[in-house]
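Take a look at the chain below.

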Amino acid sequence: MSNAYYFEASAPLEDLIAYGWTPALAEAFLPHEKRLKGCLPGRILAEHRQHYLVQTHLGEGQAVISGSLRYHTQESPEARPAVGDWVVLSETQGRNPQAPLRYKIHGVLPRQSKISRKASGQKTEEQVIGTNLDTLFIVTSLNQDLNPRRLERYLALAQQSQIQPVLVLNKADLCHDIEAVQQELEAIVGDTPVVVLSALEQSGLQGLAPYLGVGKTLALVGSSGVGKSTLLNALLGEHRQATQDIRSQDARGRHTTVHRQLFLLPDHRGLILDAPGFRELQLWDSQAVQQAFGDIQDLISQCRYRNCRHDKELDCAVQSALESGLLDKKRWRNYLKLSDEQLYLEQRKARMRDIQSKVRAKRAYKKARTNALYGALKGRQA
């Protein structure tokens, strides 16, 4: 689809360009427009317990999932609408300037990208955090809560999502030797861009400018207390998200953001997703760990034996790197920990797929049996 056709045919939708509307999305929306008369596209800005907050060319409104979409996503929770999704909507009531716009969600347009994790607790399912993102700002603070092992998890999350990561070192006003910290993190971040700033003092924010722009969607992820809400308020130019002081004994924070929400930045600088800090971050994609620890994968490929256990085998490149200090022992232990987590998760996924397959087979059998009995009954009546 040409840009000329896109703008000419979608003139009423030009207001959505600031929210990330593109010619590709317009093309994906066309089949729905033909199937569902009067439908319109919208982007999910926030998810609440009973409804979604959506943005259309008419303005903000509330939306609920249609019964058919809810049914089709029963066995695939990750396919349900999530914050950042572009969705197909229909109005559920006449337009009233005094009442909020209300919609029903009938479908989700193809996602450009997504960030997700294993749902917390005992559930073996994927929890989508945000979709259609261009850049992932991994925020950490330059105080005693700086945790390289946690950063490795977040970088693996970005690898899993195939989204450009940017490491944001916040609270520069609390660090006396920023250069030493950056050197310590070099082996972890690799070629990931690093931006040092102080959101509280609003210094260094210009380092984020290359990643902002019309229709660009960014996400802030990181632990509680690293200053995500303060950074968001600084970028918005106003106090929109509540903030709290960190605990004095360990420099850790408490949750202030209670749900995921997309905010439109002023001056057409894009959108930013603010998400609550994760108490538990277990990766969903088994390949993410290998991609995030590329240096260790290179060492493993140099071992003499393909089935090397990296313990006491001859010519083990990993053990040589550990002994020489080329590979940090804590990084190696974290790699093993994450690998074990992913192996266990893959086993649980396999069991869940087996259970779901049996359930589907049972349903199909019951349906076929019911149809056969119904057909036999009609034959007798005839």
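Helices (H or I, at least four residues) and strands (E, at least two) are DSSP runs, numbered from the N terminus. This is a predicted model: local features need pLDDT of at least 70, side-chain atom pairs count only at pLDDT 80 or more, and totals for chains, interfaces and linings use all residues. Residues are numbered from 1 along each chain as its sequence is written, and side-chain values use heavy atoms, with hydrogens and water left out.

Start with the strands. Two of them pair if DSSP finds at least two bridges between them. Strand β2 (residues 52-56) pairs with strand β3 (residues 59-65) in the antiparallel sense, over 5 bridges. With 2 residues between them, β2 and β3 form a hairpin. Here Leu53 stands opposite Gln62 in β3. Now follow β3 to strand β5 (residues 101-108): these two pair in the parallel sense, over 5 bridges. Gln62 stands opposite Arg102 in β5.

Next, the cavities. On a 1 Å grid over the protein atoms alone, a cavity is a set of points where a 1.4 Å probe fits but cannot get out; lining residues have an atom within 4 Å of a point. Points are joined across faces, edges and corners, and a volume is the space filled by probe spheres set on them. The count is 3 cavities of 30 Å³ or more. The largest share, 3 residues, comes from α4.

Note on methods:
On a 1 Å grid over the protein atoms alone, a cavity is a set of points where a 1.4 Å probe fits but cannot get out, and a pocket is an open set with protein on both sides within 12 Å along at least five of seven lines; lining residues have an atom within 4 Å of a point.
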